[in-house]
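Subject: Structure for you to look at

Hello,

Here is the structure I said I would pass on. Please open it alongside this message, and read the notes below with it in view.

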Amino acid sequence: MKATIWHNPACGTSRKTLAILQETPGIELTVVEYLKQPYAADQLRELFTAAGLTARDALRLRGTDAEERGLNDASEDAIIAAMAANPAYVERPIVRTDKGVRLCRPQDVVREIL
C-alpha cells in the first residue's frame, strides 16, 4: 500500500505517526517535509475534502500567530491561502493512503487508513 505523510520532524505526534507507518509491513512510504515543500492551495482543498475536514478544522493555532491574524474567523478561502503561504498554519501530520486521508492527531488515527 502506498502512503504519504506530510511531516514535521520537530513534532512529536508527526514523528510517532511516521514510526507507525515505517513499522507497518507492506507500506511504500513517501515523506514530505511540508515546511520545506509547502502545500499548494488546491492540494490543501483536496486533502481536506478527502479527510472530511474544513480548513478551520486543520488550522494550527498553537505555536502560530493564526489566532492573532484572525484566521479562526476567516473564510475557508482565506484560511487556505494563509496555509499555502505559511505551511506552519496546517495542523500535522496529514497522511494519505489508498484507504483515505486523515489528520493524525492523535497518531493512532493513522491506523484507520492502514
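**Helices α2 and α3**

Helix α2 is part of what covers the buried residues of α3. Please keep in mind throughout that the model is predicted.

The buried residues in α3 are Ile79, Ile80, Ala82 and Met83. Looking down the axis of α3, these buried residues fall within an arc of 160°, so they line one face of the helix.

Helix α2 spans residues 41–51, and Leu44, Leu47 and Phe48 are buried there. Their arc, seen down the axis of α2, is 95°, so here too the buried residues line one face of the helix. On the face of α2 turned away from the buried side are Asp42 and Thr49, and both are exposed.

**How the two helices cross**

Two packed helices are described by the angle between their axes and the distance between the axes. For α2 and α3 the angle is about 120°, and the axes are 9 Å apart. That angle makes α2 oblique to α3. The crossing of the two helices, α2 and α3, is right-handed.

The residues that meet in this packing are Ala41, Leu44, Arg45 and Phe48 from α2, and Asp77, Ile80, Met83 and Ala84 from α3. Some of these have come up already: Leu44 and Phe48 are among the buried residues of α2, while Ile80 and Met83 are among those of α3.

The loop between α2 and α3 contains Ala74. Ala74 has a relative accessible area of 15%, and because the cut-off for buried is under 20%, Ala74 counts as buried. Setting aside neighbours within four places in sequence, Ala74 is in contact with Arg56 and Ile79. Ala74 is also 19 residues from Ala55 in sequence, with 9.9 Å between their C-alpha atoms.

**Aromatic residues around Tyr34**

How many aromatic pairs does the structure hold? There are two. In one of them, the ring centres of Tyr34 and Tyr39 are 5.4 Å apart and the ring planes are at 35°, so this pair is tilted. Ring pairs link Trp6, Tyr34 and Tyr39 into a cluster.

Tyr34 sits in the loop between β2 (28–33) and α2. Is Tyr34 buried or exposed? Its relative accessibility is 0%, so Tyr34 counts as buried. Tyr39 is buried as well.

Beyond neighbours within four places in sequence, Tyr34 is in contact with Trp6, His7, Asn8, Tyr39, Pro87, Val90 and Arg92. One of these contacts, Pro87, is 53 residues away from Tyr34 along the chain, yet the two C-alpha atoms are separated by 6.7 Å.

**Cis peptide bonds**

The peptide bond that joins Arg92 and Pro93 is cis, with omega at about -5°. Pro93 belongs to the loop between α3 and β3.

Another cis peptide bond runs from Arg105 to Pro106, where omega is near 0°. Pro106 lies in the segment after β4.

**The start of the chain**

Met1 is in the segment before β1. With a relative accessible area of 30%, Met1 is partly exposed. Not counting residues up to four places away in sequence, Met1 touches Gly26, Ile27 and Glu28, then Thr97, Asp98 and Lys99, and also Ile113 and Leu114. Met1 and Tyr39 are 38 residues apart along the chain, and their C-alpha atoms are separated by 23 Å.

Regards

Notes:
Residues are numbered from 1 along each chain as its sequence is written. This is a predicted model: local features need pLDDT of at least 70, side-chain atom pairs count only at pLDDT 80 or more; totals for chains, interfaces and linings use all residues. Side-chain values use heavy atoms; hydrogens and water are left out. Buried means under 20% relative accessible area, exposed over 50%, partly exposed in between (1.4 Å probe, protein chains only). Helices (H or I, at least four residues) and strands (E, at least two) are DSSP runs, numbered from the N terminus. The arc is that of the directions from the helix axis to the C-beta atoms. Rings of Phe, Tyr and Trp (its six-membered ring) pair if their centres lie within 6.5 Å; planes under 30 degrees apart count as stacked, over 60 as edge-to-face and the rest as tilted. Axes are lines fitted to C-alpha atoms, for helices over the stretch in contact, and angles run from 0 to 180 degrees between N-to-C directions. Angles under 35 degrees count as roughly parallel, over 145 as roughly antiparallel, 65 to 115 as roughly perpendicular and the rest as oblique. A crossing is left-handed if the near helix is turned anticlockwise from the far one by less than a right angle, and right-handed if clockwise. Contact means heavy atoms within 4.5 Å.
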